[in-house]
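Let's take a friendly walk through a protein model, one piece at a time. Keep the picture beside you as you read.

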Amino acid sequence: MPDDIRPVAPGTLERGRPATDTELLRRADWIRLQTVELVAQAGLGHYSSTFSCAEILATLYYRALRLRPDEPRWDNRDRFLLGKGHVATGLWPVLADLGFYSRDWLKQFGKVGSPLNDHPNMRLAPGIDFSSGSLGHNLSVGTGMALAGRLSGLDYRTFVLTGDGELQEGQVWEAAMAASHYKLGNLVAIVDANGFSGSGPTSQAMNIEPLGARFEAFGWTVREINGHDIAAVKSTLDTLPDPASEQPVVIIARTRKGHGVELMEKQPQAWHLGLLNAEQYADVVAEITARMELTK
Amino acid sequence: MTEPKMVDVFSDIERETAAVANPAGYAVTELAAENPRIVTLTADLSNTLAEFTEKFPDRYIELGIAETNSVSLASGMAACGYVPYIFSMAPFGILKTAEQLRTDADYNHLPVRMVGRLAGLAMGYFGTSHYAVEDIAIARTLNNTTVVAPADANSAIALIRATADLAGPVYIRMAEAADKVYDQVPSYEHGRWPRLRHGGDITLVGHGMGVGLAAAAAEILFEHHSIEADVFDAAYLRPYDEDALVASVRKTGRVLSIEDHSVVGGLGSIVAETAGRHGLVAALAQCALPAEDLEVGVPAELYEYYGLTAGGVVARALKLVKG
């Protein structure tokens with residue numbers, strides 16, 4: 001298992017840490033591999049919606065976020081909220097790798113008493129800034145954190161990763177209204193717009209487009225990118241407006257559900273929640289590993 | 001006799017009368033002077049925080065008519081070290097946001113405070129959409145949330161002070177129609193029910209407006225019927241004073257609970273659950289709102305209609321004692 005990509009330094013991990021596009025792409029694939037392993041261990045899991053945001057998670061955690069793994073509650077850390085809490089499986093190996101907790105914790109994933117669950121719990125897992133699972137809440141929570149930052153005079157950013165189906169929740173738009181009303185330029189929403197929710201194409205269930213225009217109408221700065229184009233993800237996160245600026249930012253990341261695994265790209269919806277059989281597991285691991293070998 | 005009329009429950013109040021007319025706003029403003037981490041949030045209810053907004057304009061956050069967002073946003077602030085007091089109308093503050101309170105505030109043990117104004121039938125005239133008669137049933141199933149229901153203005157000030165430093169969420173249920181029970185600000189012990197009167201014939205427990213009714217009824221029961229009631233201010237509904245309740249019921253064998261809440265899930269249910277759990281043989285009755293569609297009207301008339309008056313409590317108590 002290629003765990004050797006870049007050793008993590010202790011202390012504060014600053015914003016804009018050096019990471020090449022290749023390193024981040026390999027890290028995204030590493031997240032996919034780790035997810036496949038953890039799901040196999042637990043017996044059931046969310047594959048394809050984790051894969052659609054793997055490049056985003058990789059770039060946030062290995063470049064963009066200001067963190068202190070040895071002091072997870074440090075008051076000026078950047079916050080990251082997993083609005084689409086069902087992709088926590090992809091975050092657990094990242095937090096272990098960065099030193100928030102021991103890698104041994106991963107072995108308990110999915111078991112009774114494990115601090116690492118299918119959805120994240122802030123009371124159990126260091127590095128989780130807020131619990132999630134109920135869709136539509138975390139943009140409100142993040143707005144509260146951004147307001148708290150302003151009130152405390154701290155310059156941390158609050159990032160909220162939402163799914164596109166999640167945007168059907170009305171509360172998201174209450175938060176969107178409040179964030180621009182309070183001029184929270186320290187708040188960044190990232191929409192993993194993979195086009196699918198649990199039971200089918202998102203906009204077939206309830207149209208959410210045009211997303212950019214909708215957020216713009218709510219007073220947000222909108223950046224629309226290909227969420228798998230690592231250079232685009234990186235440069236968008238590198239060039240965020242200053243946290244003291246006055247407009248919240250939404251990054252609409254157009255992604256593919258199941259990205260990086262052929263089987264799941266073909267049937268993204270079927271792999272929203274599931275379990276690979278032994279043969280599929282071997283094929284998927286081989287596919288991802290082969291890609292990583294090319295850039296070793 | 002003057003005809004009961006709807007009181008303007010929304011009017012701003014004068015500073016001199018704030019402690020009486022708006023005890024929650026008064027108490028939170030007082031606490032905020034000592035604790036800079038206290039912030040207030042409202043969903044279009046700023047008129048209850050006139051003094052706070054004047055003194056601490058930066059720490060007052062208006063969120064518009066968006067209760068669910070308010071609760072999740074407050075939880076986010078609480079996760080960053082703040083102690084948010086959300087002022088909301090009880091029917092919307094609790095019922096509409098039950099899931100946000102549970103998932104964001106309660107499950108995460110965060111110090112979010114929900115001040116539910118105009119609970120029970122206080123907004124009677126406005127219609128059943130504005131009733132909060134299921135709120136305690138919901139709030140007391142939240143495992144980490146403290147639920148209090150002040151008996152009057154002094155009681156509200158005391159309970160807001162007493163719960164200010166709790167690490168978890170607090171629901172403060174404001175009953176605006178309460179008669180005065182306490183001449184001074186009382187002191188409460190966490191989860192304990194102050195005893196207002198000693199007696200061996202019947203136990204009367206009430207919260208909110210029910211406390212004043214219980215006290216008044218006990219007086220009448222003693223003066224006119226020589227019945228001595230054990231009377232408690234059941235200010236804490238979670239945790240509640242199980243010891244005091246069990247000891248009293250063992251003594252009296254009869255309990256009447258009084259509350260402007262549904263007969264389902266409130267104090268009446270607490271009494272029944274406790275009696276059952278302890279194997280107490282006791283007669284139980286409730287002065288509360290029936291589990292059916294409720295009438296609409298001016299609160300004073302509704303209280304009369306549903307027997308939530310001192311006379312109504314006396315009649316129910318007599319039936320319980322005399323059979």
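## Before we start

Two residues are in contact if their C-beta atoms, placed from the backbone, lie within 7 Å. This is a predicted model, where local features need pLDDT of at least 70 and side-chain atom pairs count only at pLDDT 80 or more, while totals for chains, interfaces and linings use all residues. Residues are numbered from 1 along each chain as its sequence is written, and chains are lettered from A and ligands numbered from 1 in the order in which they are written.

## One glycine and its surroundings

Let's begin with B:G268. This residue touches B:S257, B:E259, B:V263, B:Q286 and B:A288, leaving aside residues up to four places away in sequence. Is B:G268 buried or exposed? B:G268 is buried, because 23 other C-beta atoms lie within 10 Å. (A residue is buried with 20 or more other C-beta atoms within 10 Å of its own, exposed with 12 or fewer, and partly exposed in between; the C-beta atoms are placed from the backbone.)

B:G268 sits in helix α11 (residues 267-278) of chain B. Helices (H or I, at least four residues) and strands (E, at least two) are DSSP runs, numbered from the N terminus.

## The sheet in chain B

In chain B, 5 strands make an open sheet in the order β7-β9-β8-β11-β12, with mixed pairing. Two strands pair if DSSP finds at least two bridges between them. At the edges stand β7 (195-197) and β12 (283-289) of chain B, each with a single partner strand, so one side of each has no neighbour in the sheet. Strand β11 (residues 254-262) of chain B runs parallel to β12(B), and 6 bridges join them. One of the bridge pairs is B:V255 with B:L284 in β12(B).

Which strands does α11(B) touch? Packing on the sheet, α11(B) touches β8, β11 and β12 of chain B, and its direction makes about 145° with that of β11(B). (Axes are lines fitted to C-alpha atoms, for helices over the stretch in contact, and angles run from 0 to 180 degrees between N-to-C directions.) Helix α10 (residues 242-252) of chain B lies across β8 (202-206), β9 (229-233) and β11, at about 150° to β8(B).

Elsewhere in chain B, the axes of helix α2 (residues 23-34) and helix α8 (residues 153-162) come within 9 Å and cross at roughly 35°. From α2(B), the meeting residues include B:Y26 and B:L31, and from α8(B) they include B:I157 and B:R161. The residues of this contact divide into 10 nonpolar, no polar and 1 charged. (Ala, Val, Leu, Ile, Met, Phe, Trp, Tyr, Cys and Pro count as nonpolar, Asp, Glu, Lys and Arg as charged, and the others, Gly among them, as polar.)

## The sheet in chain A

Chain A has an open sheet of 5 strands in the order β1-β2-β3-β7-β6, with parallel pairing. Its edge strands are β1 (79-82) and β6 (221-226) of chain A, each pairing on one side only. Between β1(A) and strand β2 (residues 158-163) of chain A there are 4 bridges, and A:L81 has A:V160 as its bridge partner in β2(A). Helix α5(A) packs on this sheet, touching β1, β2 and β3 (187-193) of chain A.

## Where the chains meet

How many residues of chain A are in contact with chain B? There are 19, and they are in contact with 22 residues of chain B. Helices α5 (138-152) and α6 (170-181) of chain A each supply at least two residues of chain A's side, and the largest share, 9 residues, comes from α5(A). That side divides into 9 nonpolar, 8 polar and 2 charged residues.
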